[in-house]
Amino acid sequence: MFNICLKRDRTAADMAPITFGILTISDSCAAGSGDNKSGPELEKLVTDVQTETGKILKGQIACINVVPDEEFQIIETLARWSDVIKVNVILTTGGTGFAPRDVTPEATKSVIQKEAPAISLAMFMASSKITPMAMLSRAVCGIRGKTLIINLPGSPKAVKECLEAIAKVIPHAVDLILENKAKVTKTHEKVQGTCTHHSSSAIPDVSQIRLSDIAGRLRESPYPMLSMDVADEIINKIAKIGEDEIINVWDAYGRVLTTDTYSYCNLPPFRASIKDGYAVIASDGKGRRRVLSGVQAGQTPTTQLVPGACIRVNTGAPVPEGTTAVVQVEDTILIERREDGEEEKEIEILVEPQYGQDIRPIGSDIRKGSLILKAYTRIGAVEMGILAACGCTKVRVTKLPSVGVLSTGNELQQAGEPAKPGHVYDSNKITLMMLLKENGYDPKDIGIATDDEGVMINAIKEAFENVDVLVTSGSVSMGDRDMLKPILEQIFKAKIHFGRVNMKPGKPTTFATCEYRGKTKYILCLPGNPVSATVTAYLFALPLLGRLSGNYTKPVVVTAKLTSSYNLDPRPEYARAILEWSANDPIPVAYSTGNQISSKLLSCKSANALLILPGRTAERPELKEGDLIQAMLLGFNQNIRYILRLPRYFEGNETQYGGQIIVKT
Ligand SMILES: Nc1nc2c(c(=O)[nH]1)N[C@H]1C(S)=C(S)[C@@H](COP(=O)(O)OP(=O)(O)OC[C@H]3O[C@@H](n4cnc5c(N)ncnc54)[C@H](O)[C@@H]3O)O[C@H]1N2
Ligand code: MOO
Ligand SMILES: [Mg+2]
């Protein structure tokens, strides 16, 4: 029998990651004139630090920032990351030396409640073996609340040497701070005995796999509760645009270009008439003209224009050689018909023609070889037309991530089946699949997995065989059958980047990645409650897929006026609402969709916005009717993105667009 442990702790090899804040302290880096090498070096080290005992940190970066050597800014950041974001460890780099502006140790001393001088000493001892310059670092280490703060020097080399010297004690230090010590020891014994690891390519016989120690399961989630912003930043950092591919223009609707695209032809490809009228020689002026022949759109003129004559032309027709103006038919009168009575023999021009009048020169709309669509443009209806007009038959676009949707739960049954006792119909899968479809993806139905270890593992395996992104719902909270996280970690060796988010609904939302047959798989586990699954699909699934496909735009947030009061929840809440605009007030009013309980999908019906209600505080326990609130528009981003792009287009730096933008905390 293979047991999946329901317990976890920080020092087990499959532990919940330690969350890190990385703060670079440097005047020049903050001003943008210096090249920040130590911050990125630390990012690399905490996720992958090598020691003689192997990779031991496997941390998760919760926040990154660069601040100048200003004591108050350092204090503010350290306090916020410790008290609000509650990261496990903050690593600072820079500002520890003897220069007048080096104030990192002073700032750190003002925020820590307990000093940890031995950590500073260990770093000094390691560094002093390499250089006597180590004496010039005044690094301070200590604890604030549940956060360990460690000052590291400013140079990337010294950062590496110092971190490697202390890395092995960090997991234990974190356990001690979090008072996990007893659990660590106990679970360690368990891990040795029952939680042997298997690689995803050698998954044990699923009929033998069972969740173990239900009674002894953790009674508190081991996953740090990250803020929505930090969770979003993690997705942003991890989800990179994938490969690109060349496809036929006809298949390009909704896709994102990866290269600048140039016109294959001039538009118009010939000198074209703008009006239905007569091609003339402008210098002939007003007066009577012989009509030599006529040219329609699609024809090639065969007659040359000569002085004193004209040739009838239609809009879009090529004008004959020698033409220097077109006179619209409204500015002429008929003088004489031909013998057959059908066509004109002679006309009179009533208005003096101007040189070049009503002729589109070759390439005047689009010049051959000119840039028509920049890289990272999303191809909509108009862009399809531009590509077609310019003779493009193939385009290079980002590959659409393949995505599958899986529902979980013994209680679920398919809509249409006769209702069984104790069951509910699966509404999440259809909602999620249609939401993905609406946004241009082609989701695969991975089915419903019952709360059986083997069924769940097989469903995930099937998904990984077929798709790169798996969106699940249910089985991520604290129930004894909520098995997705332990299965992902212990069977598929997935890395859980976050397992809880401080938001309502959606608290247990989980994001993980793993390698399966040499490919990275992204797993987004949404909570089972139908409203939670829907809201988190907007807030996490669409941004994840958008980032993977280069099709990401920040949500559009507007200010709205409440029409009812709200008792605030301790967690920031995304309340569904209908915004209504009126002609005489630029601020829309927000109507609640009713009872906001996470099980009531009706609260999402017709909602066009999520009101971003702040978490409750003693000073602000509620919001009142008439209060102004930030509201995120739903289903609007695809339409607004062109408007958002415009300033970037003209700035000429939009190649960043759709790229990975790290949000600073
Ligand atoms: N002790 C605690 N219990 C719960 C916590 C907690 O922190 N401590 N969190 C609550 C929150 S918040 C949420 S959200 C839910 C999330 O639960 P799971 O993601 O584990 O989902 P399930 O337990 O599988 O199901 C919850 C609920 O949703 C219904 N459901 C599930 N899938 C579907 C579907 N495809 N279609 C329709 N309805 C579905 C399911 O029947 C349950 O009623 O946990 C809280 N508990
Ligand atoms: O966070 Mo849960 O999603 O409140 O219902
Ligand atoms: Mg549950």
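Modeller: Start with ligand 2. Its shell divides into one nonpolar, four polar and two charged residues. Ala, Val, Leu, Ile, Met, Phe, Trp, Tyr, Cys and Pro count as nonpolar, Asp, Glu, Lys and Arg as charged, and the others, Gly among them, as polar.

Colleague: Which residues surround ligand 2?

Modeller: P505, G506, K507, N529, S532, R571 and S598. A residue is near a molecule if one of its heavy atoms lies within 4 Å of it.

Colleague: How far is the polar side-chain atom of S598 from an oxygen atom of ligand 2?

Modeller: 2.4 Å. For R571, a polar side-chain atom lies 2.9 Å from a ligand 2 oxygen. K507 uses a polar backbone atom, 2.9 Å from an oxygen of ligand 2.

Colleague: Before we move on, what are the ground rules?

Modeller: This is a predicted model: local features need pLDDT of at least 70, side-chain atom pairs count only at pLDDT 80 or more, and totals for chains, interfaces and linings use all residues. Residues are numbered from 1 along each chain as its sequence is written, chains are lettered from A and ligands numbered from 1 in the order in which they are written, and side-chain values use heavy atoms, leaving out hydrogens and water.

Colleague: Now ligand 1. How many residues surround it?

Modeller: 23, and the closest are E411, D426, S477, K507 and G528. The shell splits into eight nonpolar, eleven polar and four charged.

Colleague: Where does the backbone of G528 come in?

Modeller: A polar backbone atom of G528 is 2.9 Å from an oxygen of ligand 1. S477 has a backbone N or O atom 3.0 Å from a ligand 1 oxygen.

Methods
Polar contact = N/O pair within 3.5 Å; in protein donor to acceptor, adjacent residues only side chain to side chain.
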